[in-house]
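Please read them with the coordinates open.

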Amino acid sequence: VTEARIAELVERALDYRGYVTLRRSDGSKLVGFVYNRGATHLDLLDETATQRTRVPLDTISDISFTGEDAAHKAQEIWERRKGKLEPRDTPAHGDWGEAGKILVLVALREELHSVARALGVSARGAVVRGRVSGSDVVAVAIGMGADGRRAIGDHRPWLVMACGFSGGLDPSLVAGDLVVATGVRSPGRNTLLAPEPPRKAAVVALDGVRHFEGELVTAASVVTVDEKRSLAGSRALAVDMETYSIAQAATEAGVPWLALRAIVDSLDSSLPPFARKGRRGYLWPALRYAMSGPRAAMELLQLARNAHRAGAALEAGLRRLCRALALAEARR
Amino acid sequence: MGIPAAQMATVATYLLKQRLARRDRYPLVLMLEPLFRCNLSCTGCGKIQYPVQILRKHLSVEECVSASDECGAPIVSVAGGEPLMHPDIAQIVRALVEHRRFVYLCTNAILLERKLDEFEPSKYLSFSVHMDGPRTEHDHSVCREGVYDVAVSAIRAALARGFRVTTNTTVFEGSDPERMRAFFDDMMELGVEGMMVSPGYSYEKAPDQDHFLRRGRSHDLFSRMLGSPKRSWSFNQSPLFLQFLMGKIDFECTPWGNPTYNIFGWQRPCYLLQDGYAKTFRELMEETDWSKYGRKSGNPRCQDCMVHCGFEPSAVRATFESPQAMAKTLATLVTGRL
């Protein structure tokens, strides 16, 4: 193939609104969209529209127009419907579909505050709504041990995120550490593996933030230190009371799920008795507990510090996660 | 003229600085295309014909701000594609406004009403709503029923919340001047700040090739459309550009006046032609062979072009460079006659 022929093909490729295949002198092939050319090179964007390659013209032996020409396709569609308009009720997003909701499920309203702060809104009541990168985010406090089935049915999200505080089962975990679940199990039941795409996106989004990946275990009630030690042998990283039920409800609804937990109590500690039950408010029970003795007061102070750390970590993690997941969905 | 005083002052100061720096080529409006995706398939549009993977891509907030900083133009026209389909469009606009750019967010307004909550009214932000004429003509131009009504409702909602709203109208062959004049009345009655008009560019990739205006026909049509303009009409454009459309004055194209940035980079040479891309704004300005473009160059793709992105900067530049042109502009502003 002569230089003149290659030059002619390059001009055609630049004008072509579809993918082309470059055959190179070494026999290799490159497929992509030609968006630029210079005197000695052309620039190509690959088929995933992520990788740019500069190809010297003297290494090209042929160019074939292998992808569909989007301009020709538009012409054909227009000719087919010539004069006929799209109906009034065509979806507002045209052929692209609207980005769906992310549903964040937490157990307690105290956890909902972290979600609200991450979304930049104020938390009033048991539901918080925000918008991140064009995607709606709804967070619901479903109560301790609940499965969120109703919230999933009501909001029909594209992703369910089980979120909130948890107890550490691994000795290296301290208050404020984040855990992204690779799976979740419940005593006597099968392990549910976390769907890979949102989990991977989450790990990328949390780059630079202290976090761990591993299994969660869901218990029926707040576990004591002894119970935690016996669960620790299972190699699970953390224990909570909702992730398994939420994951099961999401799986049954055909919605991918993701779990992000912040450690509030480490392996060698547990929550004080008043905090082991779901309540409307924790202020009075906490004060009563603090007045029961200096040791209880110290324990409570430590819990407050840990809860603050966990809340801040959750907020920071969620801020990154919601944005990354919303963008990933928008690109999908 | 429907251009706020603060914007006029900023542009005038900017132009003065360019003159003092003896710059021959400088940008006036950055045409920022953060995505090519659109929720319409308009008959005269040659902007969105790409493979689906490219249509799914968009510029990040940081890329948009960086392009605006690199270019330095005081005005940023956010086009596309439909910018309101960008997941981070509100952040992009907020960031540009924080950088004190006058932002014109060009939209078909289908998503505008539901997205208004994401934006804050500002003297730096104007929604530039695509309106190609009266109801029938507009719906035909965008190939969908009911879009005119949706856009009118969105304009009302945006105005009620204190946003600046302008319209942008592309005129094609077959437009009825009298109906267009009535359309201008309707838009001004709605309360828009100003209107922008331009003939459509004959995109080679647009599905409908039969309705692009030739130069002579443009003069005739715009003369009838804009002749004896009503006092109530307000155009968000240079009066000299409108006179250029009417054939009363001639300009050469300044393609560098409205440089275009999108996912491929800095588009050569202008918003309408795609002769490749430069990696940096400097490369675009310094390494593009500008002599190959414009009517005098003989480039066949430029012969019938009278589009605002090439000639509005010429008109604005002329206003500030020639006393006669300035006098003409002032006369138009005082008398309201084009």
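**Notes on the model**

1. Start with S141(B). Leaving aside residues up to four places away in sequence, S141(B) touches C42(B), T43(B), D132(B) and F172(B), where contact means heavy atoms within 4.5 Å. S141(B) sits in helix α6 of chain B; helices (H or I, at least four residues) and strands (E, at least two) are DSSP runs, numbered from the N terminus. With a relative accessible area of 9%, S141(B) is buried. The cut-offs are under 20% for buried, over 50% for exposed and in between for partly exposed (1.4 Å probe, protein chains only). The side chains of S141(B) and D132(B) make a polar contact of 2.6 Å. That term means a pair of N or O atoms within 3.5 Å; within protein, one must be able to donate a hydrogen and the other to accept it, and residues adjacent in sequence count only if both atoms are side-chain atoms.

2. A word on basis. This is a predicted model, in which local features need pLDDT of at least 70 and side-chain atom pairs count only at pLDDT 80 or more, while totals for chains, interfaces and linings use all residues. Residues are numbered from 1 along each chain as its sequence is written, chains are lettered from A and ligands numbered from 1 in the order in which they are written, and side-chain values use heavy atoms, with hydrogens and water left out.

3. Now the interface. On chain B, 44 residues are in contact with 42 residues of chain A. The two chains bury about 3900 Å² between them, 53% of it on carbon and sulfur atoms. Buried area is the accessible area (1.4 Å probe) that two parts lose on being put together, summed over both.

4. Polar links across the interface come next. Between chain B and chain A there are 14 residue pairs in polar contact (both at pLDDT 80 or more). The count of salt bridges between these chains is 3; each needs a side-chain nitrogen of Lys or Arg within 4 Å of a carboxyl oxygen of Asp or Glu. E86(A) and R144(B) form a salt bridge at 2.8 Å, N to O. Another salt bridge pairs R88(A) with D149(B), with 3.7 Å between the closest N and O atoms. R88(A) lies in the loop between α2 (70–80) and β6 (102–106) of chain A and D149(B) in helix α7 (residues 147–160) of chain B, so this pair joins two chains. R88(A) is exposed at 54% relative accessibility. D149(B) is partly exposed at 29%.

5. Within chain B, R217(B) and E173(B) meet in a salt bridge at 2.9 Å, N to O. R217(B) is in helix α9 (residues 215–226) and E173(B) in the loop between β5 (164–171) and α8 (177–190), so the pair ties together parts that are 44 residues apart in sequence.

6. Please check the backbone. Most residues other than glycine have a negative phi, and most peptide bonds are trans. The G80(B) to G81(B) bond is cis, with omega near 15°. R268(B) and P269(B) are also joined by a cis peptide bond, with omega about -10°. Phi is near 60° at A49(A) and near 60° at R100(B). A49(A) is buried at 0% relative accessibility, whereas R100(B) is exposed at 59%.
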